[in-house]
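I opened a new page for this model today. My plan was to look things up one at a time and note what I found.

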Amino acid sequence: MASARWRTYATREDLAARLAADVADRLREAIKAKGGATLAVSGGTTPGLFFEALSHKDLDWTKVIVTLVDERFVPPSSERSNERLVREKLLTNEARLARFVGLYSDAADVDEAARRAEAGVALLGSTLDVVVLGMGTDGHTASFFPDAPNLAALTDVAQKRRVLAVHAPSGGEPRLTLTMPLIANARFLALHIEGDAKREALDRALAEKTKPLPIRMVANCAASGLQIYSARRG
């Protein structure tokens with residue numbers, strides 16, 4: 001398995017502040033090195049404080065492109081939309097100047113939406129500067145669900161598609177997700193988890209060798225190693 005570095009904080013607030021500072025530093029480095037930066041973030045209930053902290057960071061947000069690691073096949077008006085969360089919590093304050101590339105489109109079905117998302121995500125290049133993942137207690141990350149029929153395709157390091165549709169019973173709605181190469185080859189790959197339940201689930205997942213869960217698959221493939229940010233209280 002590629003290296004995994006743990007950073008554990010006493011509170012969600014402490015974690016959010018440190019992760020926001022580290023991500024902002026990485027974005028500044030990318031802007032200085034190549035004139036622009038790319039950031040892929042996850043949705044759910046965990047990243048709200050992190051998004052708010054990052055939105056206040058002083059950097060040239062006009063040179064940052066933000067996208068999603070994954071998305072439910074629901075419109076941005078839905079409370080379950082990751083795009084809605086990012087627009088409300090991250091793309092405000094200083095970060096309001098960033099460019100956003102979403103995954104959802106008003107396509108006939110999620111498979112067509114995934115094909116449409118390819119064009120937008122292609123604008124980000126083949127290597128993302130920063131990717132921030134979340135994780136479920138079942139060991140899923142992005143929309144790499146253990147029961148996804150196409151899990152092998154989603155996690156294939158040679159996968160040519162940047163975005164694929166996911167039809168997993170445990171995922172609820174159909175989903176759109178970035179594929180393994182874009183996630184694992186990020187220059188800075190972070191996992192953000194909170195609470196004992198997720199920490200214990202991650203410990204189990206990283207220890208499992210015979211039938212690896214999706215988060216272990218990502219850790220195995222992470223080109224720059226997996227940086228784990230955890231809070232004791234979720």
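**Helix 7, side by side**

I began with the exposed residues: Asp196, Arg204 and Ala207 are exposed on the other side of helix 7. I kept in mind that this is a predicted model.

Next I looked up the buried residues of helix 7. They are Lys198, Ala201, Leu202, Ala205 and Leu206. I noted that they cover an arc of only 130° around the axis, so they sit on the same side of helix 7.

What covers them? I found that the cover includes strand 1 (4–9), strand 9 (188–194), helix 8 (214–221) and strand 10 (226–231).

I also checked the length. Helix 7 runs over residues 196–207, which is 12 residues. From first C-alpha to last it reaches 16 Å, close to the 16 Å expected at 1.5 Å a residue.

**His140**

I then turned to His140. I located it in the loop between strand 6 (130–133) and helix 5 (151–154). Is His140 buried or exposed? Its relative accessible area is 17%, and buried means under 20%, so His140 is buried.

I looked for side-chain partners. The side chains of His140 and Asp138 are joined by a polar contact of 2.7 Å. Leaving aside neighbours within four places in sequence, I listed its contacts as Gly134, Met135, Phe145, Pro146 and Pro214.

**The largest pocket**

Last, I looked up the largest pocket. Its volume is about 500 Å³. I read that 27 residues line it, and that Gly43, Gly44, Thr45, Thr46 and Arg72 lie nearest its centre. Helix 2 gives the largest share of the lining, three residues.

Key: Residues are numbered from 1 along each chain as its sequence is written. This is a predicted model: local features need pLDDT of at least 70, side-chain atom pairs count only at pLDDT 80 or more; totals for chains, interfaces and linings use all residues. Side-chain values use heavy atoms; hydrogens and water are left out. Helices (H or I, at least four residues) and strands (E, at least two) are DSSP runs, numbered from the N terminus. Buried means under 20% relative accessible area, exposed over 50%, partly exposed in between (1.4 Å probe, protein chains only). A polar contact is a pair of N or O atoms within 3.5 Å; within protein, one must be able to donate a hydrogen and the other to accept it, and residues adjacent in sequence count only if both atoms are side-chain atoms. Contact means heavy atoms within 4.5 Å. The expected span of a helix is 1.5 Å times one less than its number of residues. The arc is that of the directions from the helix axis to the C-beta atoms. On a 1 Å grid over the protein atoms alone, a cavity is a set of points where a 1.4 Å probe fits but cannot get out, and a pocket is an open set with protein on both sides within 12 Å along at least five of seven lines; lining residues have an atom within 4 Å of a point. Grid points are joined across faces, edges and corners, and a volume is the space filled by probe spheres set on the points.
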